[in-house]
Amino acid sequence: MENLWRAWISGLSGAAVLGAVCVLLTSTGPVRSVTKMMSGTVLALAFLSPLVKLDMETFSLSTAQYREEAAVLTEEARELQERLSRIIIQEEYAAYIWDKAQSLGLTSGQAEVMVRWGGDCWVPDEVMLTFSGSEDKRNALANLVEAELGIPKERQYWNESH
């Protein structure tokens with residue numbers, strides 16, 4: 001492709017220089033007018049020469065290939081964006097639970113939230129909770145997670161190792 005551009009620019013430059021030299025060498029009058037017209041025609045032909053050499057079959061195949069590659073890249077970008085938004089939303093839910101745990105007096109631990117696609121957005125589905133504290137505070141957190149995030153206690157898993 002670079003060679004094609006280089007050849008086109010060289011041909012265009014050569015036609016322009018040749019036309020200018022021819023016009024400068026001719027005397028004034030009708031001969032000079034004809035020389036200018038012929039130089040302009042040669043320059044226009046040099047400008048349009050890539051269109052004459054264009055192989056329409058190769059051009060069509062290249063265009064189709066570029067469309068396919070663009071479709072694949074678009075799909076990959078959509079999947080990546082979906083994955084990233086899922087991760088961000090999971091982290092936001094986990095931070096929300098962490099804030100609620102701290103307000104209940106559970107000072108150490110973590111929450112890991114798994115989400116599922118709910119038709120038009122990501123919704124919390126399961127949570128792994130690792131908080132140390134009294135049973136009452138842990139039950140209060142479990143009730144809060146169920147009431148505010150809609151994760152039933154059956155899908156709240158407590159890790160006792162912390």
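Start by selecting R155, which is partly exposed, with a relative accessible area of 27%. For this tour, buried means under 20% relative accessible area, exposed means over 50%, and partly exposed is in between (1.4 Å probe, protein chains only). A word on what you are looking at: this is a predicted model, where local features need pLDDT of at least 70, side-chain atom pairs count only at pLDDT 80 or more, and totals for chains, interfaces and linings use all residues. Residues are numbered from 1 along each chain as its sequence is written, and side-chain values use heavy atoms, with hydrogens and water left out.

R155 forms a salt bridge with D125, and their closest N and O atoms are 3.4 Å apart. R155 sits in the loop between α4 and β3 while D125 belongs to strand β2, so the pair ties together parts that are 30 residues apart in sequence. A salt bridge here is a side-chain nitrogen of Lys or Arg within 4 Å of a carboxyl oxygen of Asp or Glu. The element names come from DSSP runs, numbered from the N terminus: helices are H or I with at least four residues, strands are E with at least two. D125 counts as buried, at 18% relative accessibility.

How many salt bridges does a search of the whole structure find? It finds four. E75 and R78 are three residues apart in α3, separated by about one helical turn. E82 and R78 are four residues apart, again about one turn of the helix. Colour the trio by accessibility: E75 is partly exposed at 34%, R78 is partly exposed at 40%, and E82 is partly exposed at 34%.

Next, select helix α4, residues 135–149. Its 15 residues reach 20 Å from the first C-alpha to the last, close to the 21 Å expected at 1.5 Å a residue; that expected span is 1.5 Å times one less than the number of residues. Show the side chains of R138, L141, A142, L144, V145 and L149, which are buried. Look down the axis of α4: the buried residues fall within an arc of 160°, so they line one face of the helix. The arc is that of the directions from the helix axis to the C-beta atoms.

What covers those buried residues of α4? The cover includes α3 (56–103), β2 (122–131) and β3 (156–158). On the face turned away from the buried side, pick out the exposed residues E135, D136 and A147. Just after α4, click on G150, which takes a positive phi of about 75°.

For the last stop, select T26, in the loop between α1 (2–25) and α2 (30–53). T26 is buried, with a relative accessible area of 18%. Not counting residues up to four places away in sequence, T26 touches V31, R32 and T35, where contact means heavy atoms within 4.5 Å.
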